[in-house]
2 protein chains.
Amino acid sequence: MRAGPSQEEIRRHNLSTLLRHVHLGGPASRAVLADRMGLNRSTILGLVNDLTTAGLVAEETPRDTGRAGRPSLVVRPAADHVYALAFDVGVDHLTAARVGLGGAFLARRSTAWPGAGEREPGGAADRLAAFARELAAGAAPGSRCVGVGAAVRGLVRHPDGLVRRAPNIGWTEQDFRAELADRLGPDTSVAVDNEANLGALAEHLRGAGAGFDDLVYLHGDAGIGGGIIAGGRLLRGADGYGGEVGHLIVNPRGGRRCGCGSSGCLEAEAGERALLDAAGRGPETTGPAAVRAVVDAADRGDIAARAALHQVGDWLGVGVSNLVNLLNPRVVIFGGILRDVYLSSAAQIRSRINTSTHAVLRESLRLRVSGLGTDSVLVGAAELGFAALLADPLESPAG
Amino acid sequence: MRAGPSQEEIRRHNLSTLLRHVHLGGPASRAVLADRMGLNRSTILGLVNDLTTAGLVAEETPRDTGRAGRPSLVVRPAADHVYALAFDVGVDHLTAARVGLGGAFLARRSTAWPGAGEREPGGAADRLAAFARELAAGAAPGSRCVGVGAAVRGLVRHPDGLVRRAPNIGWTEQDFRAELADRLGPDTSVAVDNEANLGALAEHLRGAGAGFDDLVYLHGDAGIGGGIIAGGRLLRGADGYGGEVGHLIVNPRGGRRCGCGSSGCLEAEAGERALLDAAGRGPETTGPAAVRAVVDAADRGDIAARAALHQVGDWLGVGVSNLVNLLNPRVVIFGGILRDVYLSSAAQIRSRINTSTHAVLRESLRLRVSGLGTDSVLVGAAELGFAALLADPLESPAG
């Protein structure tokens, strides 16, 4: 337990809070910011001046107020000149995006992965660094990159970002952060986190969970990942591995084998492979398109596809019930391929939750699909890239 | 997002931090406090003087330094004159304790419960208020009670403490806080929380989880309750119902019926009734003594008792595995009757965890029994009673 902050720390906190407001909430007048932050207008003016001098915000006439008369100036994030890079190391793709302060996606690059020689972290880092150079070359003159956030599907240690295990891409004990930092140069701040943690963060800040401090995000692709926001903060656990929802044991006796070595895990019973197997698709069939084909077949009335979604929905319901009993979330969000699976098996999931959770726990529970579509992980990676700047706007590593 | 604190808020924060240090850490010299809090000695002197004037601490010669020479004065909490009351509404007992600032138990009263006419919250409140008067009468002249914390086994809403459901004692939608406040008078600050949340808080602050910011506490009596500390804070969830570990579904197909209406819950498969049934004890056999008798029989080699503990241990292992996969705790603590059950089935629990969690997640995991014995819930209730004082030492309701 430490003592309270100094005057200088308070000023930094206020700069951080103001920049966060315009980054997440969009342009706002000084009067509105003063009201939201509980500060007087002269203090706000000083903070805005500091951030303007640093090139992080600008005061401008709002684009369209829809009202007569001279509008108040608004404080706008410097979206065109201050950006983060978001990297997503998927199971079958590598994606990079340049995201402006304020959250707008300005440009992106993507490739199928792994290509020849790219299975190793070094190969992925090579490709992403090449994307970074292309994205930087397309930015306005005088732009600066304030940080890079990268999403990896696996157990990622916090806070150093060491990838301990990423079975779906075959990595073990890989310092992917260092691989990226080597290629991006010493002036670039790089952070690595679990993909579903970043998806949860994104949905909490900008998506289907905006305004809710307690939520769970489930991300499905080859595996099932999870991220938990509890009391407004990412639940990391002791070492950063919190939220391994895919390895909740839902079927402890005689369940399907899981890639993790255990059996009966949620991922084994309700993941992509489980759905495709249940629908009678062969082992060579994989990927989001195959999942969507099963969902489409079910929508057309295909019996096997409907039975498969019913079965998978029941196991998802068991998993979600356990999340509800343990975490009392206000919202559970389905993203990645689980978005489609949820939309086709919602009745089954709800039915299981209704028998397996107490009425008090579900009275205010909402089940939602990702508000950011397929971009939630990438949006979260961008937020990770902005984190250092937002925490201390005038002292960020690349500032 | 609000602005940073004012000078006055910082002073209050510092008073709170200093009082918390001596309450939880014991007497300490001003020099030690200055070092721990990162403040200079003159600031510490001012804070100590304020707290001394308020009668919350006193500077005294340490009782025994074991060293020659004149010892430094230490700042000691006013344990004899400032106290909280801790109430525990058990399934078969009512307990009240007077606990001095600093955490020492000064006196306690307990009775079997429910007695005739006491099944209703009003009856329990009558008895606890009578205990409160007896405990106050035994306190030193000039003592003050700074708050009352009460533990109830059930779903307790946060922050108002409404008891939504407490099936093991038959309460529904009961404002037990108001029942207590009516009897204790308007000057007494009363708070109510779930028993396992309070157990978790106690173990985190003073017990087997001290020094760890991520832990789960499992409390067994007639049911199984749970409390989660994540990132150093109690995980409450959206409405305060977080940590319903007893209702994790561990056996979703064909599991035993649970009192909650579901089946296959951890409480149904590994609670008191499950153990006693598995050991062939009749339905009239209940309570901690009966559980201990099964554990003792197993220790003596009784085959049925050993098989029962083996079975219950396996289900506990499934439940703990799910906690580990989801929360990445550093410590899982077994309290109440689960203390004895754990000690007799640790091998089975560990075995299940070893097959059902990833090695990375269990590499630093510790399984421990409650460090506060049977008192963890009561210790947590006392901390709840002290919470308002510790948050704002000079402005607490009874201050």
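Modeller: Start with superposition: copies are laid on each other by least squares on the C-alpha atoms of residues with pLDDT of at least 70 in both. This is a predicted model, where local features need pLDDT of at least 70, side-chain atom pairs count only at pLDDT 80 or more, and totals for chains, interfaces and linings use all residues. Residues are numbered from 1 along each chain as its sequence is written, and chains are lettered from A in the order in which they are written.

Colleague: What makes the relation of chain B to chain A that of a two-fold axis?

Modeller: Chain B can be laid on chain A by a turn of 180 degrees, with a shift of 0.0 Å along the axis and an RMSD of 0.0 Å. That is the relation of a two-fold axis.

Colleague: Why is A:Pro71 called partly exposed?

Modeller: A residue is buried with 20 or more other C-beta atoms (placed from the backbone) within 10 Å of its own, exposed with 12 or fewer, and partly exposed in between. A:Pro71 has 14, so A:Pro71 is partly exposed. A:Pro71 is in the loop between strands E1 (57-60) and E2 (74-77) of chain A. Strands are DSSP runs of at least two residues, helices (H or I) of at least four, numbered from the N terminus.

Colleague: How do you know that H6(A) is mostly covered?

Modeller: In H6(A), 10 of its 12 residues are buried. Among them are A:Leu198 and A:His204.

Colleague: What span is expected for helix H6 of chain A?

Modeller: The rule is 1.5 Å times one less than the number of residues. Helix H6 (195-206) has 12 residues and reaches 16 Å, close to the 16 Å expected.
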